[in-house]
Amino acid sequence: MTTSTDVIVVGGGINGASIAFNLAKGGLKVSLIEKDFIAAGPTGRSSAIIRQHYSHEVTARMALRSLRIFQNFDDVVGGDPDFHQTGFLLAARPEDVELLEANIALQQEVGIDTRLVSPQEVKDLEPHISVEGIAAAAYEPESGYADPAATTTAYAGRAKDLGADLQLGTRVQKVLVERGRVVGVDTDKGTFQAGAVVVAAGPWTSLITETVGIELPIKASRHQVATYRRPDEFERHMVFAGFDDEVYIRPETGQLMLVGSIEPEEAEAEVADPDSFNERVDFDIVADFSERVARRYPLMEQGTSAGGWASLYDVTPDWHSIICPLPGVEGLYCAAGTSGHGFKLGPAVGEMMADLIINGEKPEADINMFNFRRFAEGETVAGKYEYSIVG
Ligand SMILES: Cc1cc2nc3c(=O)[nH]c(=O)nc-3n(C[C@H](O)[C@H](O)[C@H](O)COP(=O)(O)OP(=O)(O)OC[C@H]3O[C@@H](n4cnc5c(N)ncnc54)[C@H](O)[C@@H]3O)c2cc1C
């Protein structure tokens, strides 16, 4: 079987689905090819926290643009991402406060609703919290979290409504190139022809680009999440992340609390094969996180473990994505390497990638921050905190 289209998007995670939607909205014929089902990969296991705190202007702008889409999803995309505006607190130790203040000023300049709050204000905003070890915090009233599978399914569904062809259960095996130009992909269900191919396959991306000799500096690393049942009197809390705690914490439906690490060492939990790794949470992580949450929220001493899971981050050396045309093969694009913080940015990435494909490369565009050249040229854009995932 051979199918012909304008653009093939490989991967049905948040990025692939958002890119397919925006390309179809721009009038292009799109095939979205996914080896399993929509949000089958890390996207479907994501904690899906939507915060604005970034230490680069470009990523801060993207986070804000994406937030506006989450807030107005039914109008901009169509459907319900199940966005919960809980508010977000990023708590700093004394040594982080100067940088926190500088980053808040940068974010305020791009229009983000954020402010520095004292430990007493933290306590006023979040009554069940202990402020021990917190010198100050950034408070974002508009932030929260969404349902990653619902969001991604909505994007893919609207892409389909706009004429995109969704090929689920179809594995891309090879990118096809003729005279230096992409002409399509080979899959286990046949050949698909197209003038452009976007690889948005998360931790599998390098495996696909390697079929045309392009090795990307993206490694898969295992990230674990544990959940705990809150006691009845602990009715609500916001999304929280703390440098002293080295974890993020967010509410989950069913009176649960969801916890994950922000330690940069997580990147060292490298996984050789993204199709085969331990998807369960380790017992010692469940025990460790439960101590950390009980220290931060003393009521959680009466909390009980409710299991957890593990999935993959696709991490680059500077913890920022690669979103660009790939060198050497005309018409081949990459949108991957989201480094554990890419769910919230997915709506903006879809718009940026569609603009790049439809209107061509603009050297002044924000997207240049995510070029692939930066690794070879030593111009990486690491975040300013020691916690790389904060960006
Ligand atoms: C546990 C966890 C918690 C996280 N928490 C947050 C958070 O709170 N906030 C945040 O912003 N980000 C978070 N992230 C990161 C975020 O989830 C990811 O950055 C984002 O989901 C990546 O989406 P993606 O579309 O790029 O890739 P993926 O979700 O990896 O999707 C890639 C898709 O490609 C498909 N595919 C692979 N190979 C092929 C092939 N050969 N042919 C066809 N299809 C293929 C896969 O099946 C998969 O569905 C978290 C990630 C994890 C793992």
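Begin with the open sheet of 8 strands, whose order is S5-S6-S4-S13-S14-S15-S12-S16, with mixed pairing. Strands (E, at least two residues) and helices (H or I, at least four) are DSSP runs numbered from the N terminus, and two strands pair if DSSP finds at least two bridges between them. The model is a predicted one, in which local features need pLDDT of at least 70 and side-chain atom pairs count only at pLDDT 80 or more, while totals for chains, interfaces and linings use all residues. Residues are numbered from 1 along each chain as its sequence is written, and side-chain values use heavy atoms, with hydrogens and water left out.

Select the edge strands of this sheet next: S5 (115-117) and S16 (304-315) each pair on one side only. On average, neighbouring strands of the sheet are turned by 20° against each other, direction ignored. Such angles run from 0 to 180 degrees between N-to-C directions, and the axes are lines fitted to C-alpha atoms, for helices over the stretch in contact.

Within the sheet, select S14 (residues 247-252) and S15 (residues 256-261), which pair in the antiparallel sense over 6 bridges. Here arginine 250 stands opposite leucine 258 in S15.

Helix H4 (residues 97-109) lies across S4 (88-92), S5 and S6 (136-140), and runs at about 20° to S6. Helix H8 (residues 283-296) lies across S12 (219-229), S13 (239-242), S14, S15 and S16, at about 55° to S12.

**A hairpin**

Move to strands S9 (residues 172-178) and S10 (residues 181-187), which run antiparallel and are joined by 6 bridges. Valine 175 has valine 185 in S10 as its bridge partner. Which residue of this hairpin takes a positive phi? It is arginine 179, with a phi near 45°, in a hairpin that has 2 residues between the strands.

**Helix H1 and two other helices**

Select H1 (residues 14-25) together with H6 (residues 148-161): their axes come within 8 Å and cross at roughly 30°. That angle makes H1 roughly parallel to H6, since angles under 35 degrees count as roughly parallel, over 145 as roughly antiparallel, 65 to 115 as roughly perpendicular and the rest as oblique. The crossing of H1 and H6 is left-handed; this term applies if the near helix is turned anticlockwise from the far one by less than a right angle, and right-handed if clockwise. Among the residues of H1 that meet H6 are Ala17, Phe21 and Ala24, and the H6 residues include Tyr155 and Arg158. Contact means heavy atoms within 4.5 Å.

**Serine 66**

Finally, select serine 66, which has its place in helix H2 (residues 57-71). Is serine 66 buried or exposed? Serine 66 is buried, with a relative accessible area of 0%; buried means under 20%, exposed over 50% and partly exposed in between (1.4 Å probe, protein chains only). Leaving aside neighbours within four places in sequence, serine 66 is in contact with Lys344, Leu345, Gly346, Pro347 and Ala348. The C-alpha atoms of serine 66 and arginine 51, which are 15 residues apart along the chain, are separated by 9.8 Å.
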